Amino acid sequence: MGESIVRQKILRLVMVTVIGLSTLFILFILSLTLGPVEMSFSEALTSLINVLKNGGRVSNINELIVYHIRLPRAICVIGVGIGLSIAGAVMQAIIRNPLVDPYITGVSSGAAFGVCLAMFAGITIVKIPFYTIPLVAFLGALLAFLLTMFLAEASGGMTLSYVLAGVIVGIAFSSFTTIFLVLGGEKLHGALFWLFGSFAYVSWKVVWIIFVPSLSLSIIVLLYARELNVILLGDEQAMQSGLDVHSFKRLMIIITSLLTSVCVAFTGIIGFLGLVVPHIARILMGSDHRILLPTVMLVGANVLMIADILARTVLKPVELPVGAITSLIGVPFFAYLLIKRGKEYVV
Amino acid sequence: MLYEGAVIIKIEDVTFYYESVKVLDGITIEVQRGEFLGLIGPNGSGKTTLLRCISGVLKPRVGVIYVDGQRIDKLKLIEVAQICASVPTELSSEFNLTVSDFVFLGRYPYVKGIWWESKEDEQIVEEVLKTFRIHHLADRKLSEISSGEKQRALLAKAVAQKPKVMLVDEPSAHLDLKYKLEVMEYLKELSRRKITIIAASHDVNLLSKYCDRIIILNSGKIVSFGRPEEVITEELIRKVYGVEATVMRNGNETFVVPKRPLR
């Protein structure tokens with residue numbers, strides 16, 4: 001064995017963090033160069049450094065664009081990338097099913113229902129028109145989750161009850177959404193864009209409402225990395241190893257549902273990220289959550305950054321919904337994984 | 001060696017139901033510290049359920065279980081895990097952890113800091129990996145090793161938990177003859193070091209050879225409880241298993257040779 005196992009793990013963690021942060025930094029600056037006004041990599045970088053040095057005061061047009069339009073978007077992409085991926089990794093671990101994603105508890109369907117209902121009924125909250133959509137989305141997500149939770153607990157609170165309850169609640173809300181979409185016609189065109197997920201409308205106003213909760217909830221999850229390892233043993237053996245499985249799972253389901261709701265509320269339903277990123281991270285670094293979860297965060301941020309860059313450049317000047325891009329990259333990648341590693345691969 | 005007076009597990013009149021089916025019926029036992037206790041009985045007689053009650057996973061509505069002097073229903077699972085370690089028949093399913101990751105999970109009840117195990121935890125794990133001769137497999141995935149090696153990894157994890165009591169369900173299920181004996185010898189050795197072993201198995205001969213005392217369960221009741229040579233009789237095998245058998249004795253050892261099932 002030689003070298004200490006724990007020491008080796010810490011080394012691997014440091015290595016993955018350094019690599020992940022460097023690529024993320026490059027992608028981050030790259031995303032600042034993109035848009036109607038062309039900018040080189042170094043121009044974007046110097047504009048960012050200058051404007052940060054001056055505490056947010058802009059002195060030329062490049063700095064204005066970088067600071068007020070592109071920076072908030074890039075930060076949100078990182079926040080949502082981390083949040084959805086962590087939520088997916090945790091759900092896969094506690095439900096012990098590699099095909100589970102963060103939307104399993106019905107939150108995305110609930111959020112879509114909220115948005116469509118509000119648009120259909122023409123509801124705007126007068127004092128805060130800008131926040132109407134995110135707010136109704138968040139409330140819809142929360143409502144769906146509470147229903148799922150209620151159903152699951154009423155049927156015994158087993159893990160499978162959560163999955164089944166989530167599926168039922170999701171289907172119920174989706175049917176309402178479909179009805180609204182059919183009846184609403186033109187009025188709901190905006191809802192479609194939201195449904196596919198997009199960062200186009202992100203500004204400084206919402207950055208902290210996405211980034212701070214997403215990052216802090218993810219960090220709370222990180223603190224439970226050892227418990228997530230124990231849960232891999234299965235419920236009974238996890239209990240015999242000293243973990244209160246029932247209340248731990250409930251806590252994790254609540255945290256990940258909140259995390260998913262926050263991400264979905266502002267940027268819409270971005271598919272596939274929460275499903276695929278945890279798998280990529282597991283293949284790269286194995287299943288020990290102390291290394292896996294930080295890897296998931298970094299891979300999630302990197303992948304969503306790439307998807308957002310592609311969404312803005314592939315059909316320039318038309319911007320595609322980022323959710324469509326994540327699915328487009330996700331599907332062939334996942335198919336490849338299934339064929340290549342399907343037989344040997346487990347959570 | 002046996003009766004030094006220290007009772008490690010005391011079970012008082014425990015009755016357990018799955019839904020409305022009575023699985024354990026008025027079980028009362030005292031287990032001594034360092035005793036090697038065998039549980040035998042036909043399928044569905046309640047062996048595994050009894051082990052699960054002692055490990056705190058199941059909570060009987062009737063009766064009380066004391067482990068190491070404390071009522072088990074008053075203890076948190078993590079406190080029970082510091083006293084009792086369970087060795088299941090097999091892993092509940094395949095997963096992606098390495099052998100050393102898995103054995104490290106045995107230290108879960110003890111790690112105080114967040115995240116990383118201490119030097120001491122690491123020493124314990126390294127020692128246990130060597131004892132069970134799986135240290136060369138430390139970095140291999142659990143899903144890639146043989147079933148005999150898996151069985152040893154399961155035992156290693158339980159021993160890394162530094163328990164006072166080990167609850168072993170079918171210790172010999174997937175093992176060939178030599179490993180079977182090795183595992184039993186190792187459990188015997190643990191019991192000499194004052195770790196109490198409670199092992200449930202279908203292998204009557206193997207348990208008779210190694211156990212200090214044997215409990216025979218049938219339909220959730222204790223049918224007989226005592227030293228192997230006292231309790232294993234032709235009449236008992238006929239009554240409990242419905243099998244006609246010859247019981248042979250050679251000094252201290254008892255063998256059951258089954259003949260035919262009774263109609």
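## Helix packing in chain A

Helix axes are lines fitted to C-alpha atoms over the stretch in contact, and the angles between them run from 0 to 180 degrees between N-to-C directions. In this predicted model, the axes of helix H4 (residues 107-121) and helix H7 (residues 189-196) of chain A come within 9 Å and cross at roughly 165°. Because angles over 145 degrees count as roughly antiparallel, H4(A) is classed as roughly antiparallel to H7(A). The crossing of these two helices, H4(A) and H7(A), is right-handed. On the H4(A) side, the residues involved are A:Ala112, A:Val115, A:Cys116 and A:Met119, which meet A:Gly190, A:Ala191, A:Trp194 and A:Leu195 of H7(A). Sorted by class, this contact of H4(A) with H7(A) comprises seven nonpolar residues and one polar residue, with no charged residues.

H1(A) packs against helix H2 (residues 41-53) of chain A at an angle of about 100°, the axes being 8 Å apart. H1(A) is therefore roughly perpendicular to H2(A). From H1(A), the contact draws on A:Ile29, A:Leu30, A:Leu32 and A:Thr33, and from H2(A) on A:Phe41, A:Ala44, A:Leu45 and A:Leu48. The contact of H1(A) with H2(A) has seven nonpolar residues, one polar residue and no charged residues.

## The largest nonpolar core

The largest nonpolar core contains 172 residues, of which A:Ile86, A:Val90, A:Val115, A:Ile231, B:Val103, B:Ala156 and B:Ile198 touch the most other members. Helix H3 (residues 61-95) of chain A contributes the largest share of this core, 18 residues. A:Val115, named among these core residues, is also one of the H4(A) residues that meet H7(A).

In chain B, B:Val103 touches B:Val125, B:Val128, B:Leu129, B:Ala153, B:Ala156, B:Lys157 and B:Ala160, leaving aside residues up to four places away in sequence.

## Contact between chains A and B

Across the two chains, 27 residues of chain A are in contact with 29 residues of chain B. On the side of chain A that touches chain B, helix H1 (5-33), helix H9 (225-231) and helix H10 (235-240) each supply at least two residues. By class, that side of chain A has 12 nonpolar, nine polar and six charged residues.

A:Phe25 is located in helix H1 of chain A. A:Phe25 counts as exposed because it has 12 or fewer C-beta neighbours within 10 Å, the count being 11. A:Phe25 and A:Asn302 are separated by 277 residues in sequence, yet their C-alpha atoms are 9.1 Å apart in space.

## Backbone exceptions

Most residues other than glycine have a negative phi, and most peptide bonds are trans. In chain A, A:Lys316 and A:Pro317 are joined by a cis peptide bond with omega of about 5°. A:Pro317 belongs to the loop between helix H13 (289-313) and helix H14 (322-341) of chain A.

Chain B provides two non-glycine residues with positive phi: B:Asp13, at about 50°, and B:Lys194, at about 75°. B:Asp13 lies in strand E1 (residues 7-18) of chain B, whereas B:Lys194 lies in the loop between helix H6 (177-192) and strand E8 (196-200) of chain B. With 12 C-beta neighbours inside 10 Å, B:Asp13 counts as exposed; B:Lys194, with 15 such neighbours, counts as partly exposed.

Terms used
Residues are numbered from 1 along each chain as its sequence is written. Chains are lettered from A and ligands numbered from 1 in the order in which they are written. This is a predicted model: local features need pLDDT of at least 70, side-chain atom pairs count only at pLDDT 80 or more; totals for chains, interfaces and linings use all residues. Helices (H or I, at least four residues) and strands (E, at least two) are DSSP runs, numbered from the N terminus. Angles under 35 degrees count as roughly parallel, over 145 as roughly antiparallel, 65 to 115 as roughly perpendicular and the rest as oblique. A crossing is left-handed if the near helix is turned anticlockwise from the far one by less than a right angle, and right-handed if clockwise. Two residues are in contact if their C-beta atoms, placed from the backbone, lie within 7 Å. Ala, Val, Leu, Ile, Met, Phe, Trp, Tyr, Cys and Pro count as nonpolar, Asp, Glu, Lys and Arg as charged, and the others, Gly among them, as polar. A nonpolar core is a set of buried Ala, Val, Leu, Ile, Met, Phe, Trp, Tyr and Cys residues joined through C-beta atoms within 7 Å. A residue is buried if 20 or more other C-beta atoms lie within 10 Å of its own, exposed if 12 or fewer, and partly exposed in between; C-beta atoms are placed from the backbone.
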